[in-house]
Structure formats: structure tokens, C-alpha cells
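Have a look at the sequence and the structure, then read on.

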Amino acid sequence: MPPKVETWSSEKENILIFEVERWPMLWDARCATYKRTDLKYNQWHEIALILGSSFSDKTI
């Protein structure tokens, strides 16, 4: 049996886009904190919590 594939609602997609855009350190190499993996890890964790419990236990 193939693994279960999680589907994203357009609302969750919009939330993800909004949250990632708020944090340039996740995507902008010119950002002073771009190389700070500790800060990026924490921010991805926060985004996962915002998206809901089904995402908060995933490996980042």
C-alpha cells in the first residue's frame, strides 16, 4: 500500500506562504541571519505549530 499523502487546503498553503514571507532568514541569502540554522530551525518549528499538529512532528 502506498504511503498516505497529506493534502493541503488552499488556506493552509496561504498561511505557509504568508509565514515564510514574514521571515527572510528562511529564504533570502542576503539576510544577516540566513546562515543561522538555530534560528531557522526555531522559526520552522513555529510555522509548523501555526499550521497545526499534523505538521509539528515532522523532521525539519
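Is R30 buried or exposed? R30 counts as exposed, at 74% relative accessibility. For the cut-offs, buried means under 20% relative accessible area, exposed means over 50%, and partly exposed is in between, with a 1.4 Å probe and protein chains only.

## Ground rules

This is a predicted model, where local features need pLDDT of at least 70, side-chain atom pairs count only at pLDDT 80 or more, and totals for chains, interfaces and linings use all residues. Residues are numbered from 1 along each chain as its sequence is written, and side-chain values use heavy atoms, with hydrogens and water left out.

## Overall layout

The protein has three helices and zero strands, so the pattern along the sequence reads α-α-α; helices (H or I, at least four residues) and strands (E, at least two) are DSSP runs, numbered from the N terminus. Of the 60 residues, 20% count as buried.

The accessible surface comes to about 4900 Å², and 58% of that belongs to carbon and sulfur atoms. Areas like this come from the Shrake-Rupley method with a 1.4 Å probe, and for residues only the protein chains shown count as cover. As for contacts (heavy atoms within 4.5 Å), take those with a separation of 6 or more: residues 24 or more positions apart account for 39% of them.

## The nonpolar core and M25

Which residues make up the largest nonpolar core? There are five: V20, M25, L26, I47 and L51. A nonpolar core here is a set of buried Ala, Val, Leu, Ile, Met, Phe, Trp, Tyr and Cys residues joined through side-chain atoms within 4.5 Å. In soluble globular proteins, nonpolar side chains tend to be buried together.

M25 is worth a click. Leaving out residues up to four places away in sequence, M25 touches C31, T33, Y34, L39, K40 and Q43. Two of the residues on that list, Y34 and K40, also meet in another way: the charged end of K40 sits over the ring of Y34, 4.0 Å from its centre. That label needs NZ of Lys or CZ of Arg within 6 Å of the ring centre and within 35 degrees of the ring normal.

## Three salt bridges

The structure holds three salt bridges, each defined as a side-chain nitrogen of Lys or Arg within 4 Å of a carboxyl oxygen of Asp or Glu. R22 pairs with E19, with the closest N and O atoms 2.8 Å apart. Both sit in helix α1 (residues 10-22), and because they are three residues apart there, about one helical turn separates them. R22 is partly exposed at 43% relative accessibility, whereas E19 is buried at 7%.

D28 counts as buried, at 15% relative accessibility. In the remaining bridge, R36 and D38 meet at 2.7 Å, N to O. R36 comes out partly exposed at 40%, and D38 is partly exposed too, at 39%.

I50 is in helix α2 (residues 37-51) and is partly exposed, with a relative accessible area of 43%. Which residues does I50 contact, leaving aside its neighbours within four places in sequence? The answer is I15 and E19. I50 and E19 are 31 residues apart in sequence, yet their C-alpha atoms are 8.8 Å apart in space.

W23 lies in the loop between α1 and α2 and counts as partly exposed at 27% relative accessibility.
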